[in-house]
Amino acid sequence: MLHVRSIWNGAISFGLVSIPIKLVNATENHSISFRQIHTEDGGRIRYRKYCELEDREVSSQEIGKGYEDSDGTIIPITDEDLAGLPIPTAKTIEIVAFVPEDRIDPLQMDAAYYLQAGGAPAAKPYTLLREALKRSKKVAITKYALRGRERLGMLRVVGDAIAMHGLLWPDEVRAPEGVAPDADVTVRDKELDLADALMDTLGEVDLEDLHDEYREAVEEVVAAKAAGETPKEAPAPEAGGGKVLDLMAALENSVRAARESRGEEAEVKQLPQRRTSRSSPKDTGGKKSTSTAKKTTSSPRKSTSKTSKTSKASQSEKKATAKKTPAKKSAAKKTASRKRSA
């Protein structure tokens with residue numbers, strides 16, 4: 001049972017089934033907060049709320065909501081006005097569809113909540129919805145109203161609970177126009193193979209092992225200054241950091257460093273090109289990289305041709321020498337036979 005204050009009470013509408021629930025936050029913020037101070041004397045900086053008509057500071061109990069019209073007129077809106085909105089989602093999380101989870105774009109993900117069953121009568125329908133989601137391997141798309149607006153949501157099973165992720169409306173997600181590089185860049189197979197090797201070397205990670213190092217460093221600075229000590233200085237950045245002059249060298253060095261950190265052999269061998277899964281440089285359509293590849297491979301061919309010519313010449317000389325040697329022997333035999341006959 002979660003001992004967390006609920007931020008919204010209502011029900012899940014599952015067809016004709018109504019499930020009373022309480023909405024509680026599924027996440028918490030551990031970031032360090034700072035106060036604004038006057039740098040000269042350390043005094044707190046506070047924001048005071050003044051009424052323009054009465055020219056005086058007002059308390060939170062005196063502050064309400066108001067909508068500013070196009071002509072500047074303020075129209076008061078009360079909590080009762082919002083609670084009585086003629087929409088079904090005012091106090092209900094309405095399930096509108098069930099879809100595969102991969103249909104949800106991660107860019108739409110927003111805040112996360114747990115749905116807590118509201119009392120014993122909600123246990124049976126709550127469990128029914130949870131098990132139905134499990135068996136279908138789908139998520140429920142919902143609509144609900146929270147904090148003055150109607151929102152889109154997604155229900156999924158987390159352990160034995162039902163969680164709801166707030167979703168942005170599709171028109172709230174910007175298209176990635178103008179983000180990708182405009183330059184015509186061709187990536188070679190060798191570069192992709194080294195990138196694959198780096199990914200394999202880094203491997204996977206258990207997210208439970210990761211922690212907020214920035215927050216820990218801030219806490220150390222606060223503790224040092226509170227004790228009247230000088231905080232530790234940040235290490236100097238490595239020379240040439242941030243500039244990648246040779247992509248292949250940078251990838252090779254990254255693979256080597258990753259292997260050394262894991263205690264593996266630091267040697268980076270030339271990886272074979274994966275022709276089966278990727279197209280050859282000729283098929284990529286990049287003229288620059290293709291011509292470079294041709295120039296790179298042309299020098300070994302020249303040296304190979306020179307070596308072959310030299311080897312052919314040496315072989316021909318050996319053959320010629322081999323032919324001359326028997327000729328000399330036959331001539332010596334003829335001379336010896338003439339002397340005998342004389």
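Student: Which elements of the chain have the lowest and the highest mean pLDDT?

Tutor: This is a predicted model, in which local features need pLDDT of at least 70 and side-chain atom pairs count only at pLDDT 80 or more, while totals for chains, interfaces and linings use all residues. Residues are numbered from 1 along each chain as its sequence is written, and side-chain values use heavy atoms, with hydrogens and water left out. With pLDDT being the predictor's confidence in each residue, from 0 to 100, and with helices (H or I, at least four residues) and strands (E, at least two) being DSSP runs numbered from the N terminus, the lowest mean, 44, belongs to helix α6 (residues 287-341), and the highest, 96, to strand β11 (residues 161-167).

Student: How many contacts beyond four places in sequence does the model have for residues 316-342?

Tutor: Over residues 316-342 pLDDT stays under 50. Where pLDDT is low, the predicted coordinates should not be read in detail.

Student: Is Lys137, which has a positive phi, buried or exposed?

Tutor: Lys137 is not a glycine, yet its phi is about 55°, and its place is the loop between α2 (123-136) and β9 (138-146). Buried means under 20% relative accessible area and exposed over 50%, with partly exposed in between (1.4 Å probe, protein chains only). Because its relative accessibility is 72%, Lys137 counts as exposed.

Notes:
Contact means heavy atoms within 4.5 Å.
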